[in-house]
Amino acid sequence: MHNKTIKLLTLLFLSLAGIFIIDQSIKSLFVDGFRYYTECIDLILVYNKGVAFSMFAFLDEWLKYIQLVLVFGVLGYIIYLKEVCYAIPAGFLLGGAFSNIYDRFIHGGVVDMVYWHCGFDFAVFNFADVMIDVAVVWILLLNFKPKLCKNEP
C-alpha cells in the first residue's frame, strides 16, 4: 500500500474512533441518569427517532439502514479521493455519523442531550452532531480554498 494511502487511512480511522468513543462516553452518562438544568441550557436525555429536527422519523427502522449506506458511500469516496487533507474532517463526520447510527441500533433512536432554550427553543443535539457540523464546514473550506489542501507525493 502506498505511503499516502496509509497516512490517509490512519488519520481517518483514528479521528473516526476518537469522535465515536468521546460521543458514546458522553451519551452513556445521560443514559445512566445524569441531568443538569440552567437558565439557558438543559442537559437532558432525549431519544431522537429521526434526523435533524426529527425529520424522516416516519422511516422508522429503515432510517438506520439508509444512513449506513450513505455513510459507507462517504467512506468509500474519501478513500477513493486519496487526499490526506480530508482525512481528519472526514473522520470527524464519519465518527459522529457512526455513533448516531449505533444509537439507533442500541437505543432505538439517537441519544441527544443538549437543549438550548435561551431566547428561543432550539433542537436537542449531541456531541456527534456538533462534530458533523464542524466536519462539513471544514470540508467546504477545503473545497473552496484548494490551497489549504497541500498535494503530497
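**Helix packing and the nonpolar core**

The protein chain contains four helices and three strands (DSSP runs, H or I of at least four residues for helices and E of at least two for strands, numbered from the N terminus). The model is a predicted one, in which local features need pLDDT of at least 70 and side-chain atom pairs count only at pLDDT 80 or more, while totals for chains, interfaces and linings use all residues. Residues are numbered from 1 along each chain as its sequence is written, and side-chain values use heavy atoms, with hydrogens and water left out.

Along the sequence, the elements of the protein chain follow the pattern α-β-β-α-α-β-α. The C-alpha atoms of the chain fill a box of roughly 50 × 35 × 25 Å along the principal axes. Of its 153 residues, 36% count as buried (under 20% relative accessible area, with exposed meaning over 50% and partly exposed in between, for a 1.4 Å probe and protein chains only). Among contacts between residues at least 6 apart in sequence, 74% join residues at least 24 apart, a contact being heavy atoms within 4.5 Å.

Helix H1 (residues 3-31) packs on helix H3 (residues 87-107) at an angle of about 40 degrees, and their axes are 7 Å apart. Axes are lines fitted to C-alpha atoms, for helices over the stretch in contact, and angles run from 0 to 180 degrees between N-to-C directions. H1 and H3 are therefore oblique to each other; angles under 35 degrees count as roughly parallel, over 145 as roughly antiparallel, 65 to 115 as roughly perpendicular and the rest as oblique. The contact of H1 with H3 comprises 14 nonpolar, eight polar and three charged residues. In this classification Ala, Val, Leu, Ile, Met, Phe, Trp, Tyr, Cys and Pro count as nonpolar, Asp, Glu, Lys and Arg as charged, and the others, Gly among them, as polar.

The axes of helix H2 (62-81) and H3 come within 10 Å and cross at roughly 160 degrees. This angle makes H2 roughly antiparallel to H3, and the crossing of the two helices is left-handed. On the H2 side the contact includes Leu63, Tyr65, Leu68, Val71, Phe72, Leu75 and Ile78, which meet H3 residues including Ala90, Leu94, Ala97, Phe98, Ile101 and Phe105. By class, the contact of H2 with H3 has 15 nonpolar, one polar and two charged residues.

H1 also packs on helix H4 (127-144), at an angle of about 150 degrees and with the axes 9 Å apart. H1 and H4 are therefore roughly antiparallel to each other. Ile19, Ile22, Asp23, Ile26 and Lys27 of H1 form this contact with Phe127, Ala128 and Met131 of H4. The residues of the contact of H1 with H4 divide into six nonpolar, no polar and two charged.

The largest nonpolar core has 23 residues, of which Leu12, Val71, Ile78, Tyr86 and Leu94 touch the most other members. Such a core is a set of buried Ala, Val, Leu, Ile, Met, Phe, Trp, Tyr and Cys residues joined through side-chain atoms within 4.5 Å. H1, H2, H3 and H4 each supply at least two residues of this core, and the largest share, eight residues, comes from H3. Beyond its neighbours within four places in sequence, Leu12 is in contact with Leu75, Ile78, Ile79, Ala87, Ala90, Gly91 and Leu94.

Tyr86 lies in the loop between H2 and H3 and is buried, with a relative accessible area of 9%. Apart from neighbours within four places in sequence, Tyr86 is in contact with Ile78, Leu81, Ile139, Leu142, Asn143 and Cys149. The C-alpha atoms of Tyr86 and Val69 are 20 Å apart in space, with the two residues 17 apart in sequence. Lys82 is located in the loop between H2 and H3 and counts as partly exposed, at 46% relative accessibility. The phi angle of Lys82 is near 55 degrees, a positive value in a residue other than glycine.

Phe34 is found in the loop between H1 and strand S1 (36-37). At 39% relative accessibility, Phe34 counts as partly exposed. Phe34 touches Leu29 and Leu43, residues up to four places away in sequence being left out. Phe34 and Leu45 are eleven residues apart in sequence and 8.3 Å apart in space, C-alpha to C-alpha.

Key
Left-handed = near helix turned anticlockwise from the far one by under 90°.
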